[in-house]
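Welcome! Let's take a friendly walk through a protein model, one part at a time. Keep the picture open as you read.

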Amino acid sequence: MKKDIETDLISVIVPIFNVEAYLRPCIESILASTYTTLQIILVNDGSTDHSGEICDEYAARERSIRVIHQLNQGLSAARNAGTLISNGQYITFVDSDDWVEPDYLEKLWSVIYNTGADVAVCGYSKEPEGTVFGRIDGKTECFSPERAIELLCYQKCVETSAWAKLYRTEDAREFLYPEGRVFEDIATTYKFFANANRVAMYGGALYHYWQHPGSIMASRFQKSRFDALSGANELY
């Protein structure tokens, strides 16, 4: 039996570390959501700038926002902390220097509602150049777990990123991100797919990924980047 529209609570987890210049646009984009049954969890992972104050400011005026302040433990630990206290039936992750379209949650939830898939995925736009990744035909397509993982391996329509996806909370709690590693999503996203009855993709760029100079992908090479190889080996 299908549920009424918007009966499911969606928890939006935002891991935060020293992003005061980007944080307000990120939060505002989530608050502008056309899907209104949501919980926003801001996880301040030991920021030393004004990010924590910005979080508290929004929480003081928005009932849907909850803030966690913790010592700096890394991106994975921040995502996990938000996941473990979430109340939603579904979870999505939004990085704190990114932003989403107003219908981001509505489209992803509708895909799950209409297809019965366990995971919904959408395309994204890489900013500031505006390069779009994934399909943009406005159609929805379902994949078997095997096909979804194949597309993931070849980066065809589906990225390994934690964001631009909607998951069941029970799966998110089972497949927590490995802490102390970078490229943690390579070691995790495939688990959601493997455990799903099917994975559905919406053909639209609803997520905006901002690659600024301080991001992991834009930083100079460090030994920790070999974590990507460890994640790929686990996927294999």
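## A helix wrapped by its neighbours

The buried residues of helix H3 pack against strands E1 and E2, strand E3 (65–70), strand E4 (90–93) and helix H6 (169–174). Before going further, please note that this is a predicted model. How many of the 11 residues of helix H3 are buried? The count is 8, so helix H3, which spans residues 75–85, is largely enclosed by the rest of the structure. The buried ones are Ser76, Ala77, Ala78, Arg79, Asn80, Ala81, Gly82 and Thr83.

Two of these residues turn up again when we look at proline 178, which sits in the loop between H6 and helix H7 (189–195). Proline 178 and alanine 77 are 101 residues apart along the chain, yet their C-alpha atoms are separated by 7.9 Å. Setting aside residues up to four places away in sequence, proline 178 touches Ser76, Glu184, Ala187 and Thr188.

## The whole chain

The chain has 236 residues, and buried residues make up 50% of them.

Which share of the contacts with a separation of 6 or more joins residues 24 or more positions apart? The share is 81%.

The largest nonpolar core has 38 residues, and the ones that touch the most other members are Val94, Tyr104 and Tyr207. Elements giving two or more residues to this core are strand E1 (10–16), H1, strand E2 (38–45), H2, H4, strand E6 (119–127) and strand E10 (199–210). H4 gives the most, with 6 residues. Apart from this core lies another one of 27 residues, including Ile41, Val43, Tyr167 and Tyr177.

Leaving out residues up to four places away in sequence, tyrosine 104 touches Thr92, Phe93, Val94, Cys122, Ala164, Lys165, Leu206 and Tyr207.

## A space inside

Rolling a probe the size of a water molecule over the atoms shows where empty space is left. The structure holds 1 cavity of 30 Å³ or more, and about 40 Å³ of space lies in the largest cavity. Its lining is made by Val12, Ser29, Ile30, Ser33, Val94, Val100, Glu101, Pro102, Tyr104 and Leu105. Helix H1 (20–31) and helix H4 (104–115) are the elements that give two or more residues to this lining.

Sorted by class, the lining has 7 nonpolar, 2 polar and 1 charged residues. Val94 and Tyr104 are named in this lining, and they are also among the residues that touch the most other members of the largest nonpolar core.

Is serine 51 buried or exposed? Serine 51 is buried, because its relative accessible area is 0%, and its place is in helix H2 (residues 51–61). Its side chain reaches the backbone nitrogen of valine 19 at 3.0 Å. Beyond its neighbours within four places in sequence, serine 51 is in contact with Ile16, Asn18, Val19, Glu20 and Leu23.

Serine 47 lies in the loop between E2 and H2. A residue counts as buried under 20% relative accessible area, so serine 47, at 16%, is buried. Its side chain reaches the backbone nitrogen of asparagine 18 at 2.9 Å and makes a polar contact with the side chain of asparagine 44 at 2.7 Å. Asparagine 18 itself belongs to the loop between E1 and H1 and is partly exposed, with a relative accessible area of 29%.

Most residues other than glycine have a negative phi, and most peptide bonds are trans. What is the phi of asparagine 18? Phi of asparagine 18 is near 50°, a positive value. Alanine 164 has a positive phi too, near 65°. This alanine 164 lies in the loop between helix H5 (145–153) and strand E9 (165–168), and it is buried, with a relative accessible area of 2%.

Finally, look at the peptide bond from glutamate 127 to proline 128, which is cis, with omega near 10°. Proline 128 is in the loop between E6 and strand E7 (131–133).

Notes. Residues are numbered from 1 along each chain as its sequence is written. This is a predicted model: local features need pLDDT of at least 70, side-chain atom pairs count only at pLDDT 80 or more; totals for chains, interfaces and linings use all residues. Side-chain values use heavy atoms; hydrogens and water are left out. On a 1 Å grid over the protein atoms alone, a cavity is a set of points where a 1.4 Å probe fits but cannot get out, and a pocket is an open set with protein on both sides within 12 Å along at least five of seven lines; lining residues have an atom within 4 Å of a point. Grid points are joined across faces, edges and corners, and a volume is the space filled by probe spheres set on the points. Helices (H or I, at least four residues) and strands (E, at least two) are DSSP runs, numbered from the N terminus. Ala, Val, Leu, Ile, Met, Phe, Trp, Tyr, Cys and Pro count as nonpolar, Asp, Glu, Lys and Arg as charged, and the others, Gly among them, as polar. Buried means under 20% relative accessible area, exposed over 50%, partly exposed in between (1.4 Å probe, protein chains only). A polar contact is a pair of N or O atoms within 3.5 Å; within protein, one must be able to donate a hydrogen and the other to accept it, and residues adjacent in sequence count only if both atoms are side-chain atoms. Contact means heavy atoms within 4.5 Å. A nonpolar core is a set of buried Ala, Val, Leu, Ile, Met, Phe, Trp, Tyr and Cys residues joined through side-chain atoms within 4.5 Å.
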